[in-house]
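Begin with the view below.

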Amino acid sequence: MKIIWYGHACFWIEINGVKILIDPYEYVNDDAIDGIDYILVTHEHIDHYGKTPLLARLRDATVIGPKPVYLMAISDGITKVMEIEGGQEIELENRVKVRAIFVEHPSSQYPLGYIISNERKTLFHPGDTYYSPIFKNFRGKIDILFAPISGRSTANVREAANIVEVIRPKIVIPMHYGVYSEGNVEQLIKELRERRIWVLVKVLEVEKPFEV
């Protein structure tokens, strides 16, 4: 699996040869993003939907998202678009599965997170969210967790640590900081160490690939 962070909550993932882009925000460097089969959008806010219409056209990608995103994409002239609901799981190709999880983000009409998996690894992008008891359902089942840390319309460092503590992933990749807001990665690491939660916190550099 290859992961590239493009800032904020935007990630490009290649898994079993399937290329997935998540939440391309309005300022993302679209010229740097090449090869997209699917665009997953967690919710309708511009810092997540942003350049979805442009990249869908440029890369001939299929857009997948909750009903508000589906309607926005249709309105923007995107024809390759699929609606997904919380609790629904779809299979793409090459044994890659995407499961939609309803998350806590009160300012969104229908916020989702996505669990992406193949036969070896499971990755969870929770979108914009705060701590929720629903995360207890995924304890020990997630290899890689993208954790929002900014505290701006999403979890702050302490809440992110709560999510990590409950889920217990193998790798945590901080997100949702550095573009619209700041986040203290070192504080997250300190918080986890104080709680004796020994997970790998992998801090990605923008546009630098990480293979796992």
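Helix H4 (residues 157–167) and helix H5 (residues 185–194) pack at an angle of about 45 degrees, with their axes 9 Å apart. Axes are lines fitted to C-alpha atoms, for helices over the stretch in contact, and angles run from 0 to 180 degrees between N-to-C directions. H4 is therefore oblique to H5; angles under 35 degrees count as roughly parallel, over 145 as roughly antiparallel, 65 to 115 as roughly perpendicular and the rest as oblique. Their crossing is right-handed, meaning that the near helix is turned clockwise from the far one by less than a right angle. H4 contributes Val157, Arg158, Ala160, Ala161 and Val164 to the contact, and H5 contributes Gln187, Leu188, Glu191 and Leu192. Contact means heavy atoms within 4.5 Å.

This is a predicted model: local features need pLDDT of at least 70, side-chain atom pairs count only at pLDDT 80 or more, and totals for chains, interfaces and linings use all residues. Residues are numbered from 1 along each chain as its sequence is written, and side-chain values use heavy atoms, with hydrogens and water left out.

Next, the sheet. Seven strands form an open sheet with mixed pairing, in the order S7-S8-S9-S10-S11-S12-S13. S7 (89–91) and S13 (200–201) stand at the edges with a single partner strand each, so one side of each lacks a neighbour in the sheet. H4 packs on this sheet and touches S10, S11 and S12; its direction makes about 160 degrees with that of S11. Helices (H or I, at least four residues) and strands (E, at least two) are DSSP runs, numbered from the N terminus. Strands pair if DSSP finds at least two bridges between them.

| Partner of S11 | Bridges | Direction |
|---|---|---|
| S10 (residues 122–125) | Two bridges | parallel |
| S12 (residues 171–175) | Five bridges | parallel |

Phe124 stands opposite Leu145 in S11. Ala147 stands opposite Pro174 in S12. From S11 the chain crosses through H4 to S12, a right-handed β-α-β crossover: with the strands pointing away from the viewer, the path from the first strand over the helix to the second runs clockwise.

S11 (residues 144–148) is mostly covered, with five of its five residues buried (under 20% relative accessible area, 1.4 Å probe, protein chains only). Ile144, Phe146 and Pro148 point one way, Leu145 and Ala147 the other.

How values were computed
Buried means under 20% relative accessible area, exposed over 50%, partly exposed in between (1.4 Å probe, protein chains only).
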